[in-house]
Amino acid sequence: MNYHRYMILKRLVPVLFLAATLISCAQKKTVEPKVQAAKTAPNIVYILCDDLGYGDVQVLNPERGKIPTPNIDGLAREGMTFTDAHSGSSVCTPTRYGILTGRYAWRSRLQEGVLAGGAEREPLIDKDRLTVPTLLKKQGYSTAIIGKWHLGFDFVDDSGKAVKLYDGKKALLAPVGSTVPNGPISRGFDSYFGFHHSRVMKTVIQNDKVVDHMPEVEMLPLLAKNTAEYIEEQSKKDAPFFLYLALNSPHSPVVPTAEWKGKSGMGPYADFVMQTDDVVGQVIKALEKNGIANNTLVFFTSDNGCSYPAAKGKQLEEQGHFPSAQFRGSKSDIWEGGHRIPFIVKWPGKVPPNSENDELVCLTSLMATVAEITGAEIPDTAGEDSFNILPLLTDATASTNHDVVVHHSIHGKFSIRKGKWKLELNPGSGGWSNIKDPKARKMGMPEVQLYDMMADEEEQHNVHDKYPELVKELTDELVAVVNKGRSTQGEAQSNDVSIDIYKTDR
């Protein structure tokens, strides 16, 4: 080596070393506060059942509920039970959209029904939309989904060509090794283990690959096993985690395992509810076993009401069990049974144990609540229908400005709830239950329904004709919520499509 070059390098080495050290220290100063904050932040576990009715939880329906749910009841004893909580829709896909985005799904392209796997090639959540896992990742969280997605994706082969999922007569299984290029890990989750939706539950996906095919009856135990393993793995790390556990139960196919068949004495659905309750117990035990239960915030809820046909609701009622408790209707409906759901929150040392809260809340509020907990900021373009309910969680006597909730049925029918009043812009159930809207119209029933939910929570006495000014006031408020693109405070936003609040086609 040239001597002069050698001497120059010799003199530069200490300088470069010092510069590298200073840069490293500067980097540590910018990163360290985030890491330290992450260490003190709670783990967050969000357990979402599929089609579990309000009345299927014993503690919520002690007189008309006959299915034992000891583990869910135990959560209620250790946490807070909300008695007036609602899913963002009375069916699956739109509720899941709302949970993960803090936005009502009727603001998206999905105006009714659910995604039909295979027909939808793009996720319902736009790639640029902020999600709960994306927000939490920015706060130092690990993020995972275990279970059901049902928000749209496609399968492609090694060449990038779409995999055929229907042959014109029946659904086909995506081959093992197929790739999911636009699934949950493209929307903020670090990892994914589960399936798309109930009709293709045999196809098991890990991250972005199809890894197995299996009988539906094995899915719930497999989700429980993977959850326990994930909790154990994360408990060894410094960073907190967000686990979105989206169970397949007790949605159809109603497939309790051999261990649970016949345990209820009331049929397969009741058996499946009992098995679901057991999985909830396994999750809590995993948190306790790994020493992180005291620093974990657990949400327990359902995506909508009980599916009356799949549960064989009439037979259950004949045996004294009412899946919707005292409420009218069930999954799909605009009536309360469609969207009033179990909602229980446990957070040791923060949420008062064995407490009850009757404030009006909606599942779209997860984003704003975890943002408040972790110190994250939500831009105006996100979380448009997400309210911070942390004050309610820590104080059962507190109140929030979350006084309006918009309900939506499977057929795209609208309802608005404000305080004790609920206005429905359709003549019947808005869904599958009798009386369906077309029949209600033939019977000459009025096009709007107004109920005082304090005096008539069973929705038996339509008082729209007594309070025409109130009907107009609530209709105007619904129109304003729709047109502003948000129900929270902030800059007006755009809906993805035009919205008809008087949809009357069925």
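What follows is a list of selections, with what is found at each.

**Before you start**

This is a predicted model, in which local features need pLDDT of at least 70, side-chain atom pairs count only at pLDDT 80 or more, and totals for chains, interfaces and linings use all residues. Residues are numbered from 1 along each chain as its sequence is written, and side-chain values use heavy atoms, with hydrogens and water left out.

**Stop 1: confidence**

Colour by pLDDT, the predictor's confidence in each residue, from 0 to 100. The protein averages 91, and 91% of the residues score at least 70. Now select residues 1-37. Here pLDDT stays under 50. The model has seven contacts beyond four places in sequence for this stretch (contact means heavy atoms within 4.5 Å). Where pLDDT is low, the predicted coordinates should not be read in detail.

**Stop 2: helix α6**

Select residues 268-289, helix α6. Helices (H or I, at least four residues) and strands (E, at least two) are DSSP runs, numbered from the N terminus. Helix α6 has 22 residues and reaches 31 Å from its first C-alpha to its last. That is close to the 32 Å expected at 1.5 Å a residue, where the expected span is 1.5 Å times one less than the number of residues. Of the 22 residues, 16 are buried, so α6 is largely enclosed by the rest of the structure. Buried means under 20% relative accessible area, exposed over 50%, and partly exposed in between (1.4 Å probe, protein chains only). Step just past α6 to Gly 291, which takes a positive phi of about 70°.

**Stop 3: the largest nonpolar core**

A nonpolar core is a set of buried Ala, Val, Leu, Ile, Met, Phe, Trp, Tyr and Cys residues joined through side-chain atoms within 4.5 Å. Select Phe 242, Tyr 244 and Phe 343. Of the 57 residues in the largest core, these three touch the most other members. Helix α10 (residues 366-374) gives this core its largest share, five residues. A second, separate core has 52 residues, among them Leu 245, Ala 286, Ala 293 and Phe 327.

Stay on Tyr 244. Leaving out residues up to four places away in sequence, its contacts include Tyr 46, Arg 96, Ile 99 and Phe 189.

Move to Ile 99, in helix α3 (residues 92-101). Ile 99 is buried, at a relative accessible area of 0%. Beyond four places in sequence, Ile 99 touches Tyr 46, Leu 48, Val 132, Tyr 244, Leu 363 and Leu 366.

**Stop 4: aromatic rings**

The whole structure holds 13 aromatic pairs. Rings of Phe, Tyr and Trp (its six-membered ring) pair if their centres lie within 6.5 Å; planes under 30 degrees apart count as stacked, over 60 as edge-to-face and the rest as tilted.

Select Trp 106 and Phe 414. Their ring centres are 5.2 Å apart and their planes at 75°, so the pair is edge-to-face. Trp 106 lies in the loop between α3 and α4 (132-138) and Phe 414 in strand β14 (residues 414-418), so the pair ties together parts that are 308 residues apart in sequence. Trp 106 is buried at 2% relative accessibility, and Phe 414 is buried at 1%.

Next, select Trp 149 and Phe 189. This pair is edge-to-face too, 6.4 Å centre to centre with 90° between the planes.

**Stop 5: charges over rings**

A charge sits over a ring if NZ of Lys or CZ of Arg is within 6 Å of the ring centre and within 35 degrees of the ring normal. The charged end of Arg 64 sits over the ring of Phe 322, 4.0 Å from its centre. Lys 350 lies over the face of Trp 347, at 5.8 Å from the ring centre.

**Stop 6: backbone details**

Which residues does a cis peptide bond join, with omega about 0°? Select Ser 249 and Pro 250. Pro 250 is in strand β8 (residues 241-250). Another cis bond joins Asn 434 and Ile 435, with omega about 15°.

Finish on Asp 51 and His 150. Asp 51 is not a glycine, yet has a positive phi of about 70°. Asp 51 is buried at 2% relative accessibility. His 150, also not a glycine, has a positive phi of about 55°. His 150 is buried at 5%, in the loop between β4 and β5.
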